[in-house]
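The entries follow in the order in which I looked.

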Amino acid sequence: MTIRPALHNDLPRLREVLADTIKDLRRRYIDQWDDQYPDGSVLVRDVDSRSLFVLTAHSKIWAFVTMDVICAREWADVPWKVTGRCLAVHRLAVSPHMHRSGFATRLMDFVEEHAKTHSYDAIRLDAFSGNPAALKFYENRGYQKAGIVRFRKGDFICFEKAAV
């Protein structure tokens, strides 16, 4: 298992993982992502900025996450508790064929280690309020609820964790 920055030649597989993830969310009646967001242009932008990281196993991409310093403008009024430099997490996806493989855990371990080694003070993210598995995942990792923001698809819970 390897985690590395995504490359442009990874885009077809990234789109496939994303499409499979959206189908799986719909199957579970979770209306979080669709063909408007995140779309292929978001993936291209993330690859171009070198903020998208892929997890590969057996020479195939099975999961990805984006991390950068770009906080959604909707987060501006959230009463964050941890101050200082913030690493933002976006768009964590694991192929439904690999659910319960520990890949989401490995990606978040990678994010948290990156935050520590690059002297960030906080890690912040939001998760769709209608996705109980995601909410539980972040809570079990020690992320604290900081507030609620509204996007096109509804309410998203903002989470943060000190990066130390």
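**Salt bridges, looked up pair by pair**

I began with E112 and R141, whose side chains meet in a salt bridge at 3.0 Å, N to O, the term meaning a side-chain nitrogen of Lys or Arg within 4 Å of a carboxyl oxygen of Asp or Glu. This pair links distant parts of the chain, with E112 in helix 3 (residues 103-117) and R141 in the loop between helix 4 (132-140) and strand 6, 29 residues apart. Helices (H or I, at least four residues) and strands (E, at least two) are DSSP runs, numbered from the N terminus. I noted that both E112 and R141 are buried, where buried means under 20% relative accessible area, exposed over 50%, and partly exposed in between (1.4 Å probe, protein chains only).

I kept in mind that this is a predicted model, in which local features need pLDDT of at least 70 and side-chain atom pairs count only at pLDDT 80 or more, while totals for chains, interfaces and linings use all residues. Residues are numbered from 1 along each chain as its sequence is written, and side-chain values use heavy atoms, with hydrogens and water left out.

Next I looked up R152, which forms a salt bridge with D34, their closest N and O atoms being 2.9 Å apart. Here R152 lies in the loop between strand 6 (144-151) and strand 7 (154-162), and D34 in the loop between helix 1 (11-27) and helix 2 (40-48), 118 residues apart. D34 counts as buried because its relative accessibility is 7%. I also found D31, D34, R152 and K153 linked in a network of salt bridges.
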